[in-house]
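Please look at the model shown here.

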Amino acid sequence: MKNSIKTVEDLRWLISHTGGFRSGYVTDVQMSKRRLFDEETGRDVLADTTVSVTIRYVVRDVVRVAKLRMIGVTDFSIFEQEGADCSSLGVIHAECSAGRLRFWFDPQGELYVVCEEAHLEEVSTPALETHPVADLARWTFQGHTADGPSVDWLLAELDRAGMPCSWRPAKKRRIADSLVRWEGDLIPSGDAVDSPLHPVRVMAYRAQDSEGFGMVLRVLGAQDRQGCQMLTILADQITQRYAGTCLVGTTIIPGREWEQWRAHDGYS
């Protein structure tokens with residue numbers, strides 16, 4: 001989901017949609033400056049400053065990771081004394097005045113931004129139930145179309161890649177049942193069906209704030225490279241076929257850039 005924030009009405013929507021990011025926390029802050037060469041003076045001059053803040057928060061059993069990109073920044077401060085933590089949020093405050101947007105991300109104003117406009121990009125997933133074994137790897141995709149990959153499609157792609165699997169549906173979830181379409185395990189052929197750990201758990205769900213679809217792939221437990229290879233194969237094929245956005249940890253990646261990101265920073 002992507003939205004532009006320019007007016008008072010846009011700010012009202014942002015606060016209403018996010019609940020003011022209540023009880024969320026900031027995972028990443030980035031600042032970039034763009035300079036242009038001035039031929040008259042022979043110097044580089046500042047053309048634009050952009051600040052991006054990534055926030056993870058939960059609303060009604062839905063986990064959201066939002067990236068608020070603020071453009072045309074004229075005032076920016078981030079101050080954290082030893083022993084303090086300004087990453088935890090209560091409720092952010094924002095206002096629109098004289099054509100500027102002002103954001104206070106904490107009551108003390110330790111993270112404060114004034115800008116011309118902002119853009120919100122967000123990926124949301126149903127809250128995952130606790131599992132006795134931690135995820136070895138997790139990849140989320142939020143597509144723009146109503147229908148996403150089917151179980152048969154996933155199995156066919158793995159079979160084509162030389163990693164045939166069988167499918168075992170998971171028990172019905174208690175959390176966010178209205179969003180989850182189906183869920184189950186991809187089990188490589190030859191593995192014990194009654195094994196308590198499975199290489200890849202797949203959950204397909206309805207996107208909460210759009211007509212798109214969502215899909216979470218998880219490698220459960222201390223498995224060998226096979227599970228990560230299966231996840232990578234499926235992620236590559238999904239991003240090639242469907243337009244959308246990927247989420248790894250709290251990093252939001254445009255689907256078209258997934259393979260480049262993976263080759264440089266991500267799964268191998």
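This is a predicted model: local features need pLDDT of at least 70, side-chain atom pairs count only at pLDDT 80 or more; totals for chains, interfaces and linings use all residues.

Residues are numbered from 1 along each chain as its sequence is written, and side-chain values use heavy atoms, leaving out hydrogens and water.

Helices (H or I, at least four residues) and strands (E, at least two) are DSSP runs, numbered from the N terminus. In strand S14, residues 213-220, eight of eight residues are buried (under 20% relative accessible area, 1.4 Å probe, protein chains only). The two sides of the strand are listed here.

| Side of S14 | Buried residues |
|---|---|
| One way | Phe213, Met215, Leu217, Val219 |
| The other way | Gly214, Val216, Arg218, Leu220 |

Strand S13 (residues 200-206) runs antiparallel to S14 and is joined to it by six bridges; strands pair if DSSP finds at least two bridges between them. Alanine 204 is opposite methionine 215 of S14.

Helix H3 (residues 225-241) has 17 residues and should span 24 Å at 1.5 Å a residue, which agrees with the 25 Å between its end C-alpha atoms. The expected span is 1.5 Å times one less than the number of residues. Buried residues of H3 include Met230, Leu234 and Ile238.

A nonpolar core is a set of buried Ala, Val, Leu, Ile, Met, Phe, Trp, Tyr and Cys residues joined through side-chain atoms within 4.5 Å. The largest has 29 residues, and Trp139, Leu186, Ile238 and Trp258 have the most contacts inside it. S13, S14 and H3 are among the elements that each supply at least two residues of this core. Another core, of 24 residues, lies apart from it and includes Tyr57 and Leu89.

Definitions and conventions: Buried means under 20% relative accessible area, exposed over 50%, partly exposed in between (1.4 Å probe, protein chains only).
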